[in-house]
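Subject: The structure for you to look through

Hi there,

The sequence and the model are just below, and my notes follow.

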Amino acid sequence: MTDMIRKAEPADLPTIKTLYFRLFEQMAHYEPDYMQAAHQDEAFLHKVIAGEDHFTAFVYPSAGEIKGMAITQLQESPPYNCFVPLKCMYLMDLIVAADARGHGIGTALMDRVKMWAKEKRADYLELSVLSKNSLAEALYLREGFEAYSTSMRMKIN
């Protein structure tokens, strides 16, 4: 399935925008106090598709439609003496259309991201997932990710 995956092109922008809106709706469902349904910034998406600032977007086309996408960014370790200087392939977002879930598209996108990380000589992959998004967390655990740190919040009333 990874052979179907390709880099995003400008013509994919309308579908990418729709997938992002669905992602943000889902995130708002999980964390309504902190997140809201919204459209992703189009200037940011143009930058990602153009490959600026070490971004890359992959899409999974099927029957003439984009059914999933993954956005990555190659990053360096923070400039603190305590960090080992390494290259990280950060998985910004992975989105599969609701009508295409359960068919291995998320796994195929993860496999392509892993290949991309190796091609770019990244030392490791990293991502963040909302703690209430158990389906995504289960995918990432199956793919070999493990918890590294925990972010915590407290709402001030």
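What covers the buried residues of H2? Before I answer, please keep in mind that this is a predicted model. The cover includes H1, S2 and S3.

Helix H2 spans residues 42-50. Its buried residues are Phe44, Leu45, Val48 and Ile49. Viewed down the axis of H2, they fall within an arc of 135°, so they line one face of the helix. Ala43 and Ala50, on the other side of H2, are exposed. Both ends of this helix deserve a look too. At its start, a side-chain oxygen of Asp41 comes to within 3.4 Å of the backbone nitrogen of Ala43. After H2 comes Gly51, with a positive phi near 80°.

Just after H4, Gly144 has a positive phi of about 100°.

**The sheet**

The model has an open sheet of five strands, in the order S1-S2-S3-S4-S5, and the pairing is mixed. S1 (6-7) and S5 stand at the edges with a single partner strand each, so one side of each has no neighbour in the sheet.

S3 and S4 run antiparallel and are joined by nine bridges. Among the facing residues, Ala70 stands opposite Leu94 in S4. S4 and S5 (residues 124-127) run parallel, with four bridges between them. In S5, Leu127 is the bridge partner of Leu91, and Tyr124 is the bridge partner of Cys88. Eight of the 10 residues of S4 are buried, so this strand is largely enclosed by the rest of the structure.

**The core**

In soluble globular proteins, nonpolar side chains tend to be buried together. The largest nonpolar core in this model has 42 residues. Those with the most contacts inside it are Ile16, Tyr20, Met69, Leu91, Leu94, Leu109 and Tyr140. Which of them gives the most? That is H3, with seven residues.

Leaving out residues up to four places away in sequence, Leu109 touches Ile5, Phe58, Tyr60, Gly68, Met69, Ala70, Leu94, Ile95 and Val96.

**The cysteines**

How many disulfides does the structure hold? The number is zero. Cys82 is in none, and its nearest cysteine sulfur, that of Cys88, is 15 Å away. A disulfide is a covalent bond between the sulfur atoms of two cysteines. Seen from Cys88, the closest cysteine sulfur is in Cys82, and the 15 Å between them is too far for a bond.

Glu31 sits in the loop between H1 and H2. Is Glu31 buried or exposed? With a relative accessible area of 16%, Glu31 is buried. Setting aside neighbours within four places in sequence, Glu31 is in contact with Leu130 and Lys132.

Ser149 belongs to the segment after H4. This serine is exposed, at 55% relative accessible area. Ser149 and Phe55 are 94 residues apart along the chain, and their C-alpha atoms are separated by 24 Å.

Those are my notes. Happy exploring!

Best wishes

Technical notes: Residues are numbered from 1 along each chain as its sequence is written. This is a predicted model: local features need pLDDT of at least 70, side-chain atom pairs count only at pLDDT 80 or more; totals for chains, interfaces and linings use all residues. Side-chain values use heavy atoms; hydrogens and water are left out. A nonpolar core is a set of buried Ala, Val, Leu, Ile, Met, Phe, Trp, Tyr and Cys residues joined through side-chain atoms within 4.5 Å. Buried means under 20% relative accessible area, exposed over 50%, partly exposed in between (1.4 Å probe, protein chains only). Helices (H or I, at least four residues) and strands (E, at least two) are DSSP runs, numbered from the N terminus. Contact means heavy atoms within 4.5 Å. A disulfide is a pair of cysteine sulfur atoms within 2.5 Å. The arc is that of the directions from the helix axis to the C-beta atoms. A polar contact is a pair of N or O atoms within 3.5 Å; within protein, one must be able to donate a hydrogen and the other to accept it, and residues adjacent in sequence count only if both atoms are side-chain atoms. Two strands pair if DSSP finds at least two bridges between them.
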